[in-house]
Amino acid sequence: MAYKLLGDKIENPTDDVFNGATLIYISATSATEAILETSGDVIIGKIRVASGQSISLVKDATDKLSCPNSVCTPIANHW
């Protein structure tokens with residue numbers, strides 16, 4: 001799989017839309033919880049990420065992500 005980056009990594013994001021990116025690579029620096037919300041502040045879901053682990057999260061362009069204790073990278077496209 002190849003990725004096209006969309007901007008710089010963001011540490012400990014809070015209510016971030018990541019420039020409209022629809023794929024976010026999350027790397028946990030310690031145990032954390034990623035919280036995904038709509039632009040209207042409705043929680044879509046939460047996921048626990050263990051320390052040292054990473055996940056790729058798909059979201060809508062206007063959805064907001066909060067994830068303390070992490071480094072997140074916005075991805076523009078994936079194929």
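User: Is Cys72 buried or exposed?
Analyst: The relative accessible area of Cys72 is 0%. This is a predicted model, in which local features need pLDDT of at least 70, side-chain atom pairs count only at pLDDT 80 or more, and totals for chains, interfaces and linings use all residues. Residues are numbered from 1 along each chain as its sequence is written, and side-chain values use heavy atoms, with hydrogens and water left out. Buried means under 20% relative accessible area, exposed over 50% and partly exposed in between (1.4 Å probe, protein chains only), so at 0% Cys72 is buried.

User: How many disulfides does the structure hold?
Analyst: A disulfide is counted when two cysteine sulfur atoms lie within 2.5 Å. The cysteine sulfur closest to that of Cys72 belongs to Cys67, and at 4.8 Å it is too far for a bond. Cys67 is also buried, with a relative accessible area of 0%. The number of disulfides in the structure is zero.

User: Which residues does Phe18 contact beyond its neighbours within four places in sequence?
Analyst: Phe18 belongs to the largest nonpolar core. Contact means heavy atoms within 4.5 Å. Leaving aside those sequence neighbours, the partners of Phe18 are Leu6, Ile10, Pro13, Ile24, Lys59, Leu65, Cys72 and Pro74.

User: In what order do the elements of the protein run from the N terminus?
Analyst: Helices (H or I, at least four residues) and strands (E, at least two) are DSSP runs, numbered from the N terminus. The protein has zero helices and eight strands. The order from the N terminus is β-β-β-β-β-β-β-β.

User: What is the radius of gyration of the protein, and why does it agree with a compact globule?
Analyst: The radius of gyration is taken over C-alpha atoms, and the globule rule is 2.2 Å times the number of residues to the power 0.38. The C-alpha trace spans about 30 × 30 × 20 Å along its principal axes. Because a compact globule of 79 residues would have a radius near 12 Å, there is agreement with the protein's value of 11 Å.

User: Which residue forms a salt bridge with Lys64?
Analyst: A salt bridge is a side-chain nitrogen of Lys or Arg within 4 Å of a carboxyl oxygen of Asp or Glu, and the count by this rule is one. Lys64 counts as buried at 12% relative accessibility. The closest N and O atoms of the pair are 2.2 Å apart, and the partner of Lys64 is Asp41.

User: How many residues apart in sequence are the parts that this pair ties together?
Analyst: The salt bridge joins Lys64 and Asp41. Lys64 lies in strand S7 (residues 64-66) and Asp41 in the loop between S4 and strand S5 (43-49), so the separation in sequence of the parts tied together is 23 residues.

User: What is the phi of Asn19?
Analyst: Asn19 is in the loop between S2 and S3. Asn19 is exposed, at 65% relative accessible area. Although Asn19 is not a glycine, its phi is positive, at about 55°.

User: What distance separates the C-alpha atoms of Thr73 and Ile10?
Analyst: Thr73 is in strand S8 (residues 70-78) and is buried, with a relative accessible area of 17%. Beyond neighbours within four places, Thr73 contacts Leu5, Lys9, Leu23, Ile24 and Tyr25. Thr73 and Ile10 are 63 residues apart along the chain, and their C-alpha separation is 6.4 Å.

Technical notes: A nonpolar core is a set of buried Ala, Val, Leu, Ile, Met, Phe, Trp, Tyr and Cys residues joined through side-chain atoms within 4.5 Å.
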